[in-house]
Amino acid sequence: MSRAEWKAVARLVIAHVRQHPGRILLTSISTMAAACVVVWVVSGYDSLAGRFGDMGEDYVGPYEMLLLPSSAADPAEGFGQRVSAALSTDLVDAIRRDPAVAAVDPVYETRARVRSGNAGAAPAGRGGGNAADPEAEPIPGGLAAPKSGSGPIIMGGMGQLRSQSRVPTLVGTNAAQPPQKVLEGRWFDPSRPELQEGAITRDSAEQLRIKLGDEVAVISDPFGRGGPGAGGRGGASAPVPAGGRIKITAIVDQPKRLPGPKFMVGLPPSRDAALRGGPAANAVYVPMATAERLSGSPARITYAGVALKTGHTVDGFLPGWSARLASATPPVEVRTAESVESEVNSSTTFETVRVQAYSATGISLLAALFIIFT
């Protein structure tokens with residue numbers, strides 16, 4: 001276009017603006033609003049990816065890999081009596097004897113009610129129930145699940161709701177090194193269970209108002225509601241729960257855990273939550289012998305952390321064990337930092353936010369084009 005033509009176009013635009021100032025203002029504001037919606041949604045996805053997209057190293061802790069029973073071998077989550085699959089002791093011992101392995105640390109997780117040992121502290125943990133609905137199923141953190149068949153179903157299931165609670169799980173381990181960074185105090189000596197010492201994650205310490213040197217009271221809860229026959233159900237008397245007190249010698253860093261979708265639907269979730277099983281998000285760590293005494297039952301290997309010697313890698317170690325791990329009873333699932341990050345990126349939470357970002361972008365562009373051409 002020539003200079004004269006540009007001047008003519010400019011005069012026409014200025015004349016149009018003077019004749020319809022409200023239309024121009026509304027179009028500009030609407031277009032900017034549509035662009036802001038796109039930036040807001042996409043930045044939310046970037047924030048989620050930045051916070052949880054690299055949680056693989058945090059998940060496996062000081063180990064190169066975690067071994068745990070395949071989720072297909074674990075029964076559906078629920079309340080009442082339930083025995084989860086456990087790793088074979090013979091298999092764990094065989095892996096420990098491998099020349100490439102520096103250490104194998106079995107971990108025993110068990111249900112328990114954990115309360116502050118301080119006088120007058122409000123109890124927290126399982127069995128709290130709900131004053132509004134005494135028949136509601138108790139879950140960690142004083143929350144309550146509606147009775148079967150009532151109310152909407154929470155996306156991600158009750159397992160997802162449990163994972164968002166800060167009430168700790170009782171975890172027995174003889175690991176010489178803590179699974180997470182110690183923020184305060186010192187890691188307990190697993191060879192001296194008679195000292196009755198343990199460690200607690202940061203969020204659980206805040207919820208229970210626990211400080212370094214305080215005690216927590218632990219009561220075994222093997223069936224989630226006090227066992228068959230508790231509360232007059234089932235006709236059988238419940239076993240007397242075990243328990244005791246643990247002195248907190250360390251507060252460890254809080255591991256990252258992927259949040260679930262923040263909405264409710266009237267249908268069950270279309271697929272299982274990401275990273276099902278594995279390390280507890282919140283825990284009271286004690287020596288294995290102490291966990292057995294507190295729970296009143298022999299330890300079962302919930303999962304095991306494997307550390308390799310210098311010069312050995314997961315890619316070089318797994319091919320020799322893949323067939324045996326797959327044929328074990330139950331089958332063993334291997335989680336590494338890379339596999340955890342891959343599962344997180346393909347999880348329902350990330351997928352939902354990605355779909356929202358794409359949808360917001362498309363709708364905003366369509367709205368902007370409609371406003372402009374109208």
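**Close-up views of a predicted model**

The count of salt bridges in this predicted model comes to 7, a salt bridge being a side-chain nitrogen of Lys or Arg within 4 Å of a carboxyl oxygen of Asp or Glu. Residues are numbered from 1 along each chain as its sequence is written. Local features need pLDDT of at least 70, side-chain atom pairs count only at pLDDT 80 or more, and totals for chains, interfaces and linings use all residues, while side-chain values use heavy atoms, without hydrogens and water.

**View A. Arginine 186 and glutamate 197 form a salt bridge.** The N to O distance is 2.8 Å. Arginine 186 lies in the loop between strand 8 (182-185) and strand 9 (197-201), and glutamate 197 in strand 9, so the pair ties together parts 11 residues apart in sequence. Strands (E, at least two residues) and helices (H or I, at least four) are DSSP runs, numbered from the N terminus. Arginine 186 is partly exposed at 43% relative accessibility, whereas glutamate 197 is buried at 12%; buried means under 20% relative accessible area, exposed over 50%, and partly exposed in between (1.4 Å probe, protein chains only).

**View B. Arginine 202 and aspartate 253 meet in a salt bridge.** Their N to O distance is 2.6 Å. Arginine 202 belongs to helix 6 (residues 202-208) and aspartate 253 to the loop between strand 11 (243-252) and strand 12 (264-265), so the pair ties together parts 51 residues apart in sequence. Arg202, Asp203 and Asp253 are linked in a network of salt bridges.

**View C. Glutamate 215 forms a salt bridge with arginine 245.** The closest N and O atoms are 3.6 Å apart. Glutamate 215 is partly exposed at 34% relative accessibility, and arginine 245 is partly exposed at 44%.
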